[in-house]
Amino acid sequence: MSRTNIDVAIYQIPRFEDSPIATVRYTEYDGYGRAIKVNEVDYWEAEYFHCQVLQAVACGLDVAISTQLNVRTLQKKLNSWIN
C-alpha cells in the first residue's frame, strides 16, 4: 500500500538573529501508511534548505516547515517543484 498524497505545511515564524532560517520535520511512512520515523533538521543556508525539501517531497515524505523566509515565495517554489 503506497501513499498517494504528500502533505507539505509551511509556518511563518518570527525572525531572530541567532536562529536557523528554517526548521523542517520530515515524516516517513511504512508500506501501510503508518508513520515510522520523524526527523527534524535546522537549516542555516537557503539553497541547501530548498534542495533538501525538494528531495524529500520527491521521495514522498511529508514535510512540515517552520521558516523565517517569505512563505508566499516558498509556496510558489514548492508548487513549481511538484508540478
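Trainee: Why is K37 called partly exposed?

Mentor: Its relative accessibility is 41%. Buried means under 20% relative accessible area and exposed over 50%, with partly exposed in between (1.4 Å probe, protein chains only). K37, at 41%, therefore counts as partly exposed. The model is predicted: local features need pLDDT of at least 70 and side-chain atom pairs pLDDT 80 or more, whereas totals for chains, interfaces and linings use all residues. Residues are numbered from 1 along each chain as its sequence is written, and side-chain values use heavy atoms, with hydrogens and water left out.

Trainee: How many salt bridges does the structure hold?

Mentor: There are three. Another one joins D30 to R34, with the closest N and O atoms 2.9 Å apart. In the salt bridge of E40 with R25, that distance is 2.6 Å. E40 lies in strand 3 and R25 in strand 2, so this pair ties together parts 15 residues apart in sequence. Strands are DSSP runs of E with at least two residues, helices are runs of H or I with at least four, and both are numbered from the N terminus.

Trainee: Why are strand 1 (8-12) and strand 3 (35-43) called edge strands?

Mentor: Two strands pair if DSSP finds at least two bridges between them. The open sheet of four strands has the order 1-4-2-3, with mixed pairing, and strand 1 and strand 3 each pair on one side only.

Trainee: How do you know that strand 2 and strand 4 pair?

Mentor: Six bridges join these antiparallel strands, against the required at least two. R25 stands opposite A64 in strand 4.

Trainee: What makes a set of residues a nonpolar core?

Mentor: The members must be buried Ala, Val, Leu, Ile, Met, Phe, Trp, Tyr or Cys residues joined through side-chain atoms within 4.5 Å. The largest such core here has 15 residues, and those with the most contacts inside it include V24, Y26 and F49. Helix 1 gives the largest share of this core, four residues.

Note on methods. A salt bridge is a side-chain nitrogen of Lys or Arg within 4 Å of a carboxyl oxygen of Asp or Glu.
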